6 protein chains.
Amino acid sequence: MLTDLAPEDLATYRSAQVNPPDFDAFWAETLAEAAEHDIDVRLSEVETGLATIKVYDVTFKGFAGQDVRAWLRVPVGIAQPLPAVVQYVGYGGGRGHALENLFWASAGFAHLQMDTRGQGSGWSLGATPDIAEIPPQVPGVLTRGVLDPATYYYRRLFTDAVRAVDAARALDVVDAGRVSVVGGSQGGGMALAVSGLRHDLAASAAFVPFLCDFPRAVRVTDSYPYREIIDYLKVHRGEQEQVHHTLAYFDGVNFARRATAPALFSVALRDPICPASTVYGAYHVYGGPREIKVWEYNAHEGGGILDDAAALHHFRTRTGAA
Amino acid sequence: MLTDLAPEDLATYRSAQVNPPDFDAFWAETLAEAAEHDIDVRLSEVETGLATIKVYDVTFKGFAGQDVRAWLRVPVGIAQPLPAVVQYVGYGGGRGHALENLFWASAGFAHLQMDTRGQGSGWSLGATPDIAEIPPQVPGVLTRGVLDPATYYYRRLFTDAVRAVDAARALDVVDAGRVSVVGGSQGGGMALAVSGLRHDLAASAAFVPFLCDFPRAVRVTDSYPYREIIDYLKVHRGEQEQVHHTLAYFDGVNFARRATAPALFSVALRDPICPASTVYGAYHVYGGPREIKVWEYNAHEGGGILDDAAALHHFRTRTGAA
Amino acid sequence: MLTDLAPEDLATYRSAQVNPPDFDAFWAETLAEAAEHDIDVRLSEVETGLATIKVYDVTFKGFAGQDVRAWLRVPVGIAQPLPAVVQYVGYGGGRGHALENLFWASAGFAHLQMDTRGQGSGWSLGATPDIAEIPPQVPGVLTRGVLDPATYYYRRLFTDAVRAVDAARALDVVDAGRVSVVGGSQGGGMALAVSGLRHDLAASAAFVPFLCDFPRAVRVTDSYPYREIIDYLKVHRGEQEQVHHTLAYFDGVNFARRATAPALFSVALRDPICPASTVYGAYHVYGGPREIKVWEYNAHEGGGILDDAAALHHFRTRTGAA
Amino acid sequence: MLTDLAPEDLATYRSAQVNPPDFDAFWAETLAEAAEHDIDVRLSEVETGLATIKVYDVTFKGFAGQDVRAWLRVPVGIAQPLPAVVQYVGYGGGRGHALENLFWASAGFAHLQMDTRGQGSGWSLGATPDIAEIPPQVPGVLTRGVLDPATYYYRRLFTDAVRAVDAARALDVVDAGRVSVVGGSQGGGMALAVSGLRHDLAASAAFVPFLCDFPRAVRVTDSYPYREIIDYLKVHRGEQEQVHHTLAYFDGVNFARRATAPALFSVALRDPICPASTVYGAYHVYGGPREIKVWEYNAHEGGGILDDAAALHHFRTRTGAA
Amino acid sequence: MLTDLAPEDLATYRSAQVNPPDFDAFWAETLAEAAEHDIDVRLSEVETGLATIKVYDVTFKGFAGQDVRAWLRVPVGIAQPLPAVVQYVGYGGGRGHALENLFWASAGFAHLQMDTRGQGSGWSLGATPDIAEIPPQVPGVLTRGVLDPATYYYRRLFTDAVRAVDAARALDVVDAGRVSVVGGSQGGGMALAVSGLRHDLAASAAFVPFLCDFPRAVRVTDSYPYREIIDYLKVHRGEQEQVHHTLAYFDGVNFARRATAPALFSVALRDPICPASTVYGAYHVYGGPREIKVWEYNAHEGGGILDDAAALHHFRTRTGAA
Amino acid sequence: MLTDLAPEDLATYRSAQVNPPDFDAFWAETLAEAAEHDIDVRLSEVETGLATIKVYDVTFKGFAGQDVRAWLRVPVGIAQPLPAVVQYVGYGGGRGHALENLFWASAGFAHLQMDTRGQGSGWSLGATPDIAEIPPQVPGVLTRGVLDPATYYYRRLFTDAVRAVDAARALDVVDAGRVSVVGGSQGGGMALAVSGLRHDLAASAAFVPFLCDFPRAVRVTDSYPYREIIDYLKVHRGEQEQVHHTLAYFDGVNFARRATAPALFSVALRDPICPASTVYGAYHVYGGPREIKVWEYNAHEGGGILDDAAALHHFRTRTGAA
């Protein structure tokens, strides 16, 4: 069963998300504050037993100069400097285990997989704390500090994500002019956010992205994590305007409007978690060159390895990578 | 279907939870740190439209001197000072709305209902933040900071709970020698913790208490919130000894061993959330006079209003309240 | 996810329920038969241990002169006669326990909470039997005797509800000119029925009312209790016209058309049990002054305590109550 | 997964159900009251279009002389008088449609399928009302009037069942000395009850019988309909002794103790609805010759058509039927 | 809740399924290949113990001359030759047990119930194997060989079904000019297929038919068995055109376009398995005289015994059967 | 909640599975038949875009000389011949996509991932058909041909698995003396089977293996795929001895008894799919050196990447691989 609009209606759907007048100021100020801290990338090689890939445990300074962890994986014996891929992770997970996720390095990229603050327990390991005052919230992070853009969890996380690109560019092994970002679900939302916030990316790929078109999402899905917002407003009756005011500053629709890097999207027409219309809400206003893979028979798994393969082709084409 | 042992086996069941040698030192130090801050109770009357009860919005200083909220409800036109009931709230909820929960004040008690830091969104409203560094955790609070007793969420919450009794005793309207504690589920776990940590309580009542006998709980239930521990260890493979080491400092079994106030427990034999054996784990070692209501056909709702009625009788008997 | 029409479509939705030509005659005759029995209110004070509220076990004569039970709760030490609130209960429940539900008396009203015949076992206790010949039916009461308006369960229950107002008005403690009715879900359906059947009410409040707009309800929800009708017709193939003929005599839409008391409705846009359109089906044709609280993020819990608070304000405004 | 004890433990399991001292007196009095009414069997042929079977709509006087419906199906062109099978129906259903259930008549028996008062809407049609005062109860019939053996629903239904044998014996087409009873689930419970209450049966067959060993059933299953008892006691706290006192008068274990007709049981080891131990509770004390078919891999469907085939062989063997 | 379009929209809905240009050639060739094998009907009487019906175990040659099993049931003592009903079975089941399904023979028909190759384990027994190379597929048969019409499972099954009519016509007991086909769900799809492939049928009846309007079905339902197609394409990304190309040769819509026998359909408006629009997709283009029973309150059980009764009337009317 | 025995009981549990006297003869004959066909390994390089790994599409002759597919992945630029890992896949899946599963090649092994005949649609792609006569069966493969060891699906699949080792040994890139086998769930069952059937393996690793201790499995789990056996016997009543007779020839317990290669097992104490006791059933009788990783808080995911890491260490230790 289709979980959202039919393909013909998705083509004409447009999001009703507002574009806050001080959106750019908010983010400029946020990133400027973070930039007051040196990126301070620290690497420590990990003993993995792998023969073709080296893995490093990475720490850099993210939001408010707080330490954020990552894995760096690079192919052994490949001529450098390499094009790089910064990868963001889906909801609930963290950077995982050093031995996992060998695709990008095997494909010849320097692969920086950023950890997700305070998550990293739902399906893959994390090692980075969230540091904040935590007002009453629904379990998860989607309503953490949601009454104010300044205190919202995703202000911290998106800032980390922007800084991860700085961390990648600071590496000797990386060709700073060929850094791309990629992610699925929450990771896709982060890739979109970064694409809207910096204009030095080689390319961008967002698979079945989460965190897009909140006003539509809360009307058309009951699935978590969007449902956390509904759960919150169910108890916090009367705070809905305040919550939606905050969310507008973090909506992929608004980041897409500002993006310039060539982007590859994917969307799944049977996805109950990130309904297709919310993805198109961002896609239709994306500011740079754009392309979308439509998976008519898939749910939130989207194109799976075929999304990765398409992103590999996309990044190769855009960066001239080997 | 019974969700745990048969009644005849519950009678002989004993918990295997360890009693950490430095348990008392840990808590003494924790409470001493909190006591460095004045309790600083602030009251502000709330306009409710009620005719028989006055309600006050209360703030006091809890863990690390952080502000904790509460409601104070007192009967209009009742001779003072009153015996008091400090009530703790179940998992996910907060102090709720001023108009709710009129039972204890209607019964002639000063009723201080403490808010729960960082919760207060699942089924009732809260207004108190949790302030901490949040390492990767499963959604909820049961694994927040669980790798170390010093950083565990419940260290902060139980300290708040102990301090709430100080707040109650500091009120003019309260007869400081007649303060009792009560709660169900997580609130019951908190009532047990406070009963183990202070010896100036008139009485205590813990309905279907949560946070008891963790080693048993994770073996016999798959229900949340105990399941948060299982979810955590499922991803954080290899951290189980560390986690159980922490939990021992927060287990109702260990608080019960130290308690002296006359206690009323309730337990439900079809409770999948707080299985009966875990409640008996605490009950069987309770240090003070004790009594338990067994609800053979109930699940986690336990005795409902009959538990309240029994607690009312218990507190009246123990405090000579009107 | 919205469970029914979007807000903009709810505004224009109108129910297709028919208005049976002999509707008024049917009810006039039904109530006249009941009125042949004296209301015969009997009170017996209950020992509750409460300090601010007195509770009475009430019995009065309802449908066919059969005894119906209720609780009367009145504030201690409040000048009389009082404005009164007659409260009806949700599906499956009964009047509950004497110690529950202290809101209205605490607010200064005489509070008569009517029991529900033959229910009172699903979530709160009841003490009143249903007395009738019970043809084959689906478990529950929604299809009990549904093949004929004369034998339908709700003919008896709505008559009890009308009579409960007579019982309230007969009390010394009550100011007969200031009696209001209130209820949620089935209780809201009963409040609407009573509002359509008597014109001496001070005010009325129906929260997320059930028993409204049956033709729409059976098309748009699969949730119980509306689903009982579907279950019945699934087996009793071919009886659908007869069933819908009966239901028209008990539909909140038809009662609303006849009502005159100032009414407060609430509706929840994510309510799967009483879908929003069915509530608007009654609201849009309500004959008296009307107001509706819309809970965009709530399910069948509606506004919870905020609905009560709004009703308190509504009744105060309409009755000049203290 | 086995839903109850392993086969080796079922062999030694014995029910703890008590045998009320006045059990026989209770039933003797109940049946004597019914016997004051003439059985008054009325037949009306139904136009079915069948070529090999004639079907009659039957009415006879059951409990308190109230009319009970049934179908009589007899083979066309078979020498008479015939052996008869009186069949009882499972929970929620009624006698169904005249065209259904052609097995017994096709096998050469006069087949009287008794309707079930007040049910007949859950999965098959019924046409017989239950007539009683209905105290507060859980939806269904298992707790209808359960506080007193005199008012319990099954007092009426079991009396109807005993009377159905009288009705069968009164038919010209039937050889009164060769009447057997059969049923599955609730129908099996009824077959057991009738086997315990009359000693003129040729044979009896109870497939996966319900209504057996209540004390065990409420401990080992959460499935409906046994769960109705649990639901009831969950709200009607404190009535459990009274309820179990009533149930002892209607327990298949107590009927089995008194039975003499040769009986065929079936039991399914993966049956969550009528757990195997409860069936063995009755089987092990059955007073007459007995045999049990064990379906190790089946749930409540038991042996299905193979149970029918076995009953056919059993009845043929016991009655010398063609 | 309606599971598909409202009645008024069903009336105007038309399927978008394509009509492959070589559809007729494909089937002509397929059936011609089968016809190269003699039908070779073999009968063996089964000892059932029934008095009014004789049952035979039948084997005939179906697709590729492979043996297909069936039951033949004929009334005892009815003048011959008889009109015949060939019945096809629902998904997952087989011909069942000899003692089951006595309706058609009791009604005076020769009743040939065809087994379903390779199924016969889900809810009723089967005895016929499927013989083929089985490419990777989703559990079930709906995607077995689906990449090519030549290898698709239903090519074999529908050929068996066409041949079953030849088998019936070859029986001495049957009046070859009065052979009808009937089935529900998958059996209804088979009845439609046979109605589209042969023009010597007396009548046809398809209850809540499956295998109709695949393009619509995969958009509007998530229920199995249609969901097998979705599951397949979820993993076999990119094969969707090929799959839908195959399905067009097996779609009831295309068979209906070619059918001539007088047909009785049934459809259920709350059927999640075979949504109403898919049934109307076939019905609206049915080539012969047609009639449809609409069950507004039923799910996939449709009209149950009333569908059978209607088919009996339909066949009697069309064949002049006794 | 633990899904099976407690750790202390697992230590002493022993399987009751029988050891068929002709087990060895059955398998010797089966493998001898397969060996009549040359292994005929065919390789075709796949364009993947990877920089560090080469991937080949492999075909070899498996059961009855039927073609079986696989992927071969080898590290680029690593000195040869390499130690090899033959990997088998979990239930429902196939060899997947060439770009997936880069772990073993990245670790310096020649990695042959065998496809699974007729599966490869549930969660990962396959390309190998099953070729057989398919008697009536439950959807899936666990009951395909289960009435006879000669026709059982796993006779074909296990033979393929044994032959895959021959295929690996036949590769130039492989050091034939250092071939190990690995798999999880069904793949673990296959690794055990191969370990029991050939004695030239360097090492073996079976994670949370399926297909072990069938007599216990069908008693203690309701989860698929073991449940397919229960579903089958539920309909195929009376075939249980025949089915269990067949299963004994394919039970990991019997393969373990015969195995000699050093084995690493993993088991998860909260695994509902492959309950811990069934794994211990095989482990306790394993004939070669053995070790088991116990995951106390995991379900069927077992140790995840940590199982892989442990197997890497195990294979390195056993084969002296780089």
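Reader: What makes residues on the other side of α2(B) count as exposed, and which are they?
Author: They are B:E29 and B:A35. Exposed means over 50% relative accessible area, buried means under 20%, and partly exposed lies in between (1.4 Å probe, protein chains only). This is a predicted model, in which local features need pLDDT of at least 70 and side-chain atom pairs count only at pLDDT 80 or more, while totals for chains, interfaces and linings use all residues. Residues are numbered from 1 along each chain as its sequence is written, chains are lettered from A and ligands numbered from 1 in the order in which they are written, and side-chain values use heavy atoms, with hydrogens and water left out.

Reader: How do you know whether the span of α2 in chain B agrees with what a helix should give?
Author: The expected span is 1.5 Å times one less than the number of residues. For the 13 residues of α2 (residues 23–35) of chain B that gives 18 Å, and the end C-alpha atoms are 18 Å apart, so the two agree. Helices here are DSSP runs (H or I, at least four residues), strands are runs of E (at least two), and both are numbered from the N terminus.

Reader: Which residues of α2(B) are buried, and why are they said to line one face?
Author: The buried ones are B:F23, B:F26, B:W27, B:T30, B:L31 and B:A34. Seen down the helix axis, they fall within an arc of 115°, so they line one face of α2(B). The arc is taken from the directions from the helix axis to the C-beta atoms. An α-helix has 3.6 residues a turn, so residues three or four places apart point the same way. Among the elements that cover this face are α4 (153–169), α5 (186–197) and α9 (252–258) of chain B.

Reader: Why is A:Y91 called buried?
Author: Its relative accessible area is 18%, which is under the 20% limit, so A:Y91 qualifies as buried. A:Y91 sits in the loop between β4 (82–88) and α3 (103–106) of chain A. Leaving aside neighbours within four places in sequence, its contacts (heavy atoms within 4.5 Å) include A:W123, A:Y154, A:F210 and A:E228. An unreviewed UniProt entry marks A:Y91 as "binding site"; such annotations may be inferred rather than shown by experiment.

Reader: What does UniProt label "active site", and how do you know whether those residues cluster?
Author: The unreviewed entry gives that label to A:S185, A:D271 and A:H300. They spread over 116 residues of sequence, yet the largest C-alpha distance is 10.8 Å, and they cluster in space. A:S185, in the loop between β7 (174–184) and α5 (186–197) of chain A, is buried at 13%. A:D271, in the loop between β9 (263–268) and α10 (276–283) of chain A, is buried at 0%. A:H300 is touched by A:S185 and by A:D271.

Reader: What makes chains C and D related as by a two-fold rotation axis?
Author: Chain D can be laid on chain C with an RMSD of 0.0 Å by a turn of 180° and a shift of 0.0 Å along the axis. The two copies are thus related as by a two-fold rotation axis. In chain D, the C-alpha nearest that axis belongs to D:P139, 2.3 Å away. The superposition is by least squares on C-alpha atoms of residues with pLDDT of at least 70 in both copies.

Reader: Why are chains C and D said to meet through the same surface?
Author: Of the interface residues of chain D, 100% are also interface residues in chain C, so the copies meet through the same surface.
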